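Hello,

Here is the structure for you to look through. Please open it first, then read my notes below.

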Amino acid sequence: MDGIVLWSDEPGQRLLIWCEDQGGLAFYDGTQARPAAAATAGDLVHVEVPGTGPLRRARDVQLLKPGGAAMATYLLLREAARTQP
């Protein structure tokens, strides 16, 4: 499925991904199958997210479009910050 990288610590090492299925966020920790091709916040990616549950682990991350969702990422994170208590 496709998704947007909302956060990364180092390019391609650990990622938090908002997936198109609108389920829980998916986490990629850099140890699964394929490296994340230096994905960073705002990139469009394709990922495999097997199984269900509260902690979804992404694997086989493929970079689709660097910066392809930079504005969406910015707006989502800005709104999240405004709604925090």
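**Salt bridges**

Start with Glutamate 79 and arginine 82, which form a salt bridge, with the closest N and O atoms 3.8 Å apart. The term salt bridge here means a side-chain nitrogen of Lys or Arg within 4 Å of a carboxyl oxygen of Asp or Glu. Before you go on, note that this is a predicted model: local features need pLDDT of at least 70, side-chain atom pairs count only at pLDDT 80 or more, and totals for chains, interfaces and linings use all residues. Residues are numbered from 1 along each chain as its sequence is written, and side-chain values use heavy atoms, with hydrogens and water left out.

Back to the pair. Glutamate 79 and arginine 82 are three residues apart in helix H1, so about one helical turn separates them. Helices (H or I, at least four residues) and strands (E, at least two) are DSSP runs, numbered from the N terminus. Glutamate 79 is partly exposed, at 36% relative accessible area. Arginine 82 is exposed, at 60%. The cut-offs: buried is under 20% relative accessible area, exposed is over 50%, and partly exposed lies in between (1.4 Å probe, protein chains only).

How many salt bridges are there by this rule? The count is four. Why can such pairs form at all? Side chains of opposite charge can pair when their charged atoms come close.

Another one joins arginine 56 and aspartate 21, at 3.0 Å from N to O. Arginine 56 is in strand E5 (residues 56–57) and aspartate 21 is in the loop between strand E2 (15–19) and strand E3 (26–28), so the pair ties together parts 35 residues apart in sequence. Is arginine 56 buried or exposed? Arginine 56 is buried, at 10% relative accessible area. Aspartate 21 is partly exposed, at 38%.

Arginine 57 also has a partner: aspartate 29, with the closest N and O atoms 3.5 Å apart. Arginine 57 lies in E5 and aspartate 29 in the loop between E3 and strand E4 (44–48), so this pair ties together parts 28 residues apart in sequence. Both residues count as partly exposed: arginine 57 at 37%, aspartate 29 at 25%.

**The sheet**

Next, find the open sheet. Its six strands run in the order E5-E3-E2-E1-E4-E6, with mixed pairing. E5 and strand E6 (59–65) stand at the edges with a single partner strand each, so one side of each has no neighbour in the sheet. Two strands pair if DSSP finds at least two bridges between them. Strand E1 (residues 2–8) and E4 pair in the antiparallel sense over three bridges. Isoleucine 4 has leucine 44, in E4, as its bridge partner.

**The core**

The largest nonpolar core has 12 residues, including Leu15, Ile17, Cys19, Val45 and Val47. E2, E3 and E4 each supply at least two of its residues. The largest share, three residues, comes from E2. A nonpolar core is a set of buried Ala, Val, Leu, Ile, Met, Phe, Trp, Tyr and Cys residues joined through side-chain atoms within 4.5 Å. In soluble globular proteins, nonpolar side chains tend to be buried together.

Leaving aside neighbours within four places in sequence, valine 49 is in contact (heavy atoms within 4.5 Å) with residues including Met1, Arg56 and Arg57.

Best wishes
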